Amino acid sequence: MNQIPEIFRVVPINHFVILASILFSIGILGVLTRRNAIIIFMSIELMLNSVNLLFVAFSSYKSDPTGQVFVFFIMAIAAAEVAVGLAIIVMIYRRIRTTDVSILNNLKG
Amino acid sequence: MVVVSKNPIHSVLYLILTFFTLSGHYILLNAQFISIVNLIVYAGAIMVLFLFTIMFLNLKDDSFVGSRLLYHGGALLLVLTFAGILVVKLGGAQIDVAPEASFNSQIGMVENLGMTLFNKFLVPFELVSVLFLSAMVGGVMLGRKEKGERNF
């Protein structure tokens, strides 16, 4: 029961770190290049998920449940954030009939 | 695929695919509970919310390769540099794994996670419930029908 599973010996944790880095970078690329606010939101979800993957990987390799509980909190906060964010996007769409962020420049300080 | 597809609905579907693969990784990593929660919360709830919003708003395609080629190229260069640095520096790092003696393979089960969540993280758990309440109120506030004729 307390045997280390095969995968933890075969696959080093560095591979998960690399995968999470690549996912995070794709998320950054999405935020930087896309102009549709909803797709920017989805890219943010992608970044959150790469961090989740990293948390779970370290938690499993180090045999510590704290990381997985943290993933739980991140998921909860992401759900709340998406609910409010999408509501804001719907409001913006009602006002100006688009979700293109390059048109949203009338909030000048 | 999430980033480069022109149609937002394709983006959402690719993102769901990504979440499924991530759930597979979680199962591989011996974190079964997180895997199932990931499927239910992300692929189930959040993505359906996205899909609904996109279909609701009836968005047109926006172009990926457009007039701002210089800007996109700069962003790509920046991100590639960032990814390269992360992969090279972190990919070669020495990270030690938990020793065999203290290793517990049941760590991802509901029992262990619940014990941690409700003992060590009880206060954050309650705070998350307050956050959810405020998010719910905020969502209803923002999403309710406006006064007058202009509701879609």
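A: By class, 8 nonpolar, 3 polar and 1 charged residues make up the lining of the largest pocket in this predicted model. The volume of the largest pocket is about 230 Å³. Of its 12 lining residues, those closest to the centre are L86(A), A87(A) and V90(A), together with L49(B) and T53(B).

Three helices each supply at least two residues of this lining: helix 4 (66–96) of chain A, and helix 2 (32–57) and helix 5 (122–143) of chain B. The most comes from helix 4 of chain A, which gives 5 residues. An α-helix has 3.6 residues a turn, so residues three or four places apart point the same way.

Helix 4 of chain A itself has 31 residues. From its first C-alpha to its last it reaches 44 Å, close to the 45 Å expected at 1.5 Å a residue. Just after helix 4 of chain A, R97(A) takes a positive phi of about 60 degrees.

As for confidence, chain A has an average pLDDT of 82, and 89% of the residues score at least 70. Among the elements of chain A, the highest mean pLDDT, 88, belongs to helix 3 (residues 37–62), and the lowest, 70, to helix 1 (residues 6–10).

Elsewhere in chain A, helix 2 (residues 13–33) has 21 residues and reaches 31 Å between its end C-alpha atoms, close to the 30 Å expected at 1.5 Å a residue. Its buried residues include F16(A), V17(A), A20(A), L23(A) and G27(A).

Key: Residues numbered from 1 in each chain as written. Chains lettered and ligands numbered in written order. Predicted model: local features only at pLDDT ≥ 70, side-chain atom pairs only at ≥ 80, totals over all residues. Heavy atoms only, no water. Helix = DSSP H or I, 4+ residues; strand = E, 2+ residues; numbered from the N terminus. Expected span 1.5 Å × (residues − 1). Buried < 20%, exposed > 50% of the residue type's maximum accessible area, 1.4 Å probe, protein only. pLDDT = per-residue confidence, 0-100. 1 Å grid on protein atoms, 1.4 Å probe; cavity = no way out; pocket = protein on both sides within 12 Å on 5 of 7 lines; lining within 4 Å. Points joined across faces, edges and corners; volume = space filled by probe spheres on them. Nonpolar A, V, L, I, M, F, W, Y, C, P; charged D, E, K, R; others polar.
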